[in-house]
Amino acid sequence: MSAPRPNDPTQPTADDLRRLYRSLRLIRRVEEEVARVYPTDKIKSPVHLSIGQEAVAVGVCDPLETRDYVSPTYRGHAAYLAKGGSVPAMIAELYGKATGCAAGKGGSMHLIAPEVNVMGASAVVGTTVPTGLGAAFAQKRLRTGAVVAVFLGDGATEEGAFYESLNFAALHRLPVLFVMENNGLAIHTGTEKRWATDRICERVETYGIPAQRFPTSDVIDIRAATIEAIAAMRDGGGPHFLECVTYRWREHVGPGYDYDQGYRDDSAYKEWQARDQVELIGGRLTDTDRDAIDAAIETEIAEAFAFAEDSPWPEPDRLYADLYADRDFTPVRGV
Amino acid sequence: MTDTRTLTYVNALNEGMRQAMREDERVFLFGLDVDDHKAIQGSTKGLVEEFGAERVFTTPLSEDAMTGLAIGAAVSGMRPIHTHIRMDFLMLGMNQLVNMASKYHYMYGGAASVPMVVRSMIGKSWGQGAQHSQGLHALFMHIPGLKVVAPSNAHDAKGLMIAAVRDNNPVMFVEHRLLYPTEAFVEEAPFEVPFGKARVIREGGDVTLVGVSNMVNECLRAAELLQEEGIEATVLDPVSLIPLDYDRIARETDKTGNLIVVDNGWTCCGASAEILADLAERGTRAKMKRMGFAPTTCPTSPALEALFYPNPATIAQAAHEMLRPGKTYSPDPERAKLAYQVAFKGPF
Ligand SMILES: Cc1ncc(C[n+]2csc(CCOP(=O)(O)OP(=O)(O)O)c2C)c(N)n1
């Protein structure tokens, strides 16, 4: 990185660091708690944990404003929380309770938080790339100045819709930041068995989209690139692409580790642990600050799980509720 | 007020979209070639001139992502009309339609809704063949969360279009290309044709013919042939397939005790199968029959294509067989052809 400029917004202040740490730590701890509770069978849908990958969501979402959108994946707890989605509503959703963010109908893979512009997450790989594109189209057309961060895995880049979306976003100069979380795995299959070449940034650049690679997913670097991309996009610039190389610490789906399964060993895990962003950013805080944040997070999590425990199940009549949206139409002009 | 203005189906579609776009600026119209000089057989003619390229635009050949774009735009405050020149091409957007559009409102507990219209054209005509003629509306009827409408005349084409754009759900809008030049009475002011309300187009006491899309007209033509034999047919147009007016179909079936559902699609797991299954569950005593595409792939040779679709003569023959079993009847081919001129114009 180039030498910091004075008042360079891409260089974090002490406040920024506290906020980044809070977000990283919250995601880590929420998911650890999800993993801990999982064997009790209180969580009623499969979970795809982001533990180890938090820096990507946090680096991207930290500079986003509430009016900006994110389009997350089924491995979406991190993006949901980093964008400000409610913790109790998420845990209640995982518990299948009526108070969940999707009223108990979506579960872990279908989080949504319209109040902070987290779009619906999908369990079908790649499907939220074009829906995020649609949100970006709407922002441009409605002249809101808002931007959209579309999260996707390395596997999702193999779907045709990804290339269709890149092309359209570039053609129409839509304000989309494509954020690829390259954890090198689609379930248990490495990119070497799936990609003819690993030059994804080059592929994307042929659409005229600036692409950047982050080999260790340093949260400060990702945040800095996002700040610059957002500024360009708010100014009418088109899409940007970030390849964030990261590592999934736990199994593809479920709460555990899977280094005994034979498809990978723990050597890479140890390397990634040594540069764990939660610890690295935490280490830049004073002990007092860090302890205060940690304590507040533990309280927040305990309250969220208690809320989920105490919340009611959906009533039987909710089985058919919300299949179709109500008839409620007021024309809008002057957009 | 009865309107005396007639309009073609294609112009009615155009007027419906135009009025919906004037009424609400969140509405936009997109899809392959909507803004070229052919203007989707004329249905989008003049719209880019009136509303500009921001609201009326063509797309790359990317049905999958473009369907997703419509959904993403709809959940963030827009009201897209996505146009496809053939229903066959919709298959490339199936993932988004089935996994996202239909589910979005429910799967997120009502947190967001997807007001979008997906227009697609179906229909036989000169050698279109296996991949340019399919009526696949039943695939969409199967999926909870989608609505499916199939206007059989110009009046409904306009009224359903306006209702579809105002609806807060994904609406599959099925247009039959052979209907495009047909005329009906159409009011000039914007109006809605409600979903889920079947319409009796012709009343007769002997047999009930339910026709889907242009099969309404084929049924009307069959009814004329039957009349010459002293058989009176009721012709019923479901107008929308989801929601479907099961009660009205049951009532009209009870009145005659004989039902033939003629679909513009295959019978297996189709709209006709669904209607008959519902009546069977109600314990109807009516005689019932399904007609639709022959259970094979649509060929291009006219010698074979003619055998693929129900037509006024085959529909009339089926009704005749139901009412007078074993009595041979084959309508004079010239009379059957003449009947081909009939089309329903109203009143509605
Ligand atoms: C269209 C589709 N194909 C296959 C699957 C099964 N599947 C679920 S997750 C996954 C791997 C996706 O990998 P990637 O996009 O890299 O995301 P990650 O799980 O690593 O976050 C697959 C193949 C699916 N859900 N959707």
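On a 1 Å grid over the protein atoms alone, a pocket is an open set of points with protein on both sides within 12 Å along at least five of seven lines, and a molecule sits in a pocket if more than half of its atoms lie within 2 Å of its grid points. The space taken by the ligand is the largest pocket. The structure is a predicted model, in which local features need pLDDT of at least 70 and side-chain atom pairs count only at pLDDT 80 or more. Residues are numbered from 1 along each chain as its sequence is written, and chains are lettered from A.

The ligand is surrounded by 15 residues, the closest being A:Tyr74, A:Arg75, A:Ala123, A:Gly155 and A:Asn183; a residue is counted if one of its heavy atoms lies within 4 Å. This shell comprises eight nonpolar, four polar and three charged residues, where Asp, Glu, Lys and Arg are the charged class and Gly is among the polar residues. An oxygen atom of the ligand is 2.7 Å from a polar backbone atom of A:Gly155. A backbone N or O atom of A:Leu185 lies 3.0 Å from an oxygen atom of the ligand, and one of A:Val125 lies 3.0 Å from a ligand nitrogen atom. The protein buries 72% of the 580 Å² that the ligand exposes when taken alone (Shrake-Rupley method, 1.4 Å probe).

Over all chains there are 22 aromatic pairs, that is, rings of Phe, Tyr and Trp (its six-membered ring) with centres within 6.5 Å. The rings of A:Tyr247 and A:Trp272 are stacked, because their centres are 6.3 Å apart and their planes lie at 10 degrees, with under 30 degrees as the limit for stacking. This pair links distant parts of the chain, 25 residues apart.

Most peptide bonds are trans. The bond from B:Ile242 to B:Pro243 is cis, with omega near -5 degrees.

Methods. Side-chain values use heavy atoms; hydrogens and water are left out. A polar contact is a pair of N or O atoms within 3.5 Å; within protein, one must be able to donate a hydrogen and the other to accept it, and residues adjacent in sequence count only if both atoms are side-chain atoms. On a 1 Å grid over the protein atoms alone, a cavity is a set of points where a 1.4 Å probe fits but cannot get out, and a pocket is an open set with protein on both sides within 12 Å along at least five of seven lines; lining residues have an atom within 4 Å of a point. Rings of Phe, Tyr and Trp (its six-membered ring) pair if their centres lie within 6.5 Å; planes under 30 degrees apart count as stacked, over 60 as edge-to-face and the rest as tilted. Helices (H or I, at least four residues) and strands (E, at least two) are DSSP runs, numbered from the N terminus.
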